[in-house]
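Open the model in your viewer and keep the selection tool at hand. The tour goes stop by stop.

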Amino acid sequence: MKIIADVGKCIGAGQCVFTEPEVFDQSEDDGTVVVLIEEPGSELLAQKAREASYVCPGRAISLVE
């Protein structure tokens, strides 16, 4: 799995960071999503990435399985 974040769609709500702070962070400049781990190695992190994609209000996170 690869995580792709579209900062142009990101509204800076931070739901991804709340869901999995090991994988996501927010830019200090504008609050948009920053992907810390593009390819989660464990199934737990992959599941959290799926959850973050689902709860993202801007639909800025997509996953390539």
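Exposed means over 50% relative accessible area, buried under 20%, and partly exposed in between, with a 1.4 Å probe and protein chains only.

A word on the model. It is predicted: local features need pLDDT of at least 70, side-chain atom pairs count only at pLDDT 80 or more, and totals for chains, interfaces and linings use all residues. Numbering runs from 1 along each chain as its sequence is written, and side-chain values use heavy atoms, without hydrogens or water.

Now select all of H2, residues 43-55. Helices are DSSP runs of H or I with at least four residues, strands are E runs of at least two, and both are numbered from the N terminus. H2 has 13 residues and spans 18 Å from first C-alpha to last, close to the 18 Å expected. That expectation is 1.5 Å times one less than the number of residues.

Next, pick Leu-45, Ala-46, Ala-49, Ala-52 and Ser-53, the buried residues of H2. Look down the axis: they fall within an arc of 115°, so they line one face of the helix. The arc is taken from the directions from the helix axis to the C-beta atoms.

What covers them? The cover includes strands S1 (2-5), S2 (24-26) and S4 (61-64), and helix H1 (15-19).

Move to Thr-19 in H1. Thr-19 is buried, at 13% relative accessible area. Beyond four places in sequence, Thr-19 touches Lys-48, Glu-51, Ala-52 and Val-55; contact means heavy atoms within 4.5 Å.
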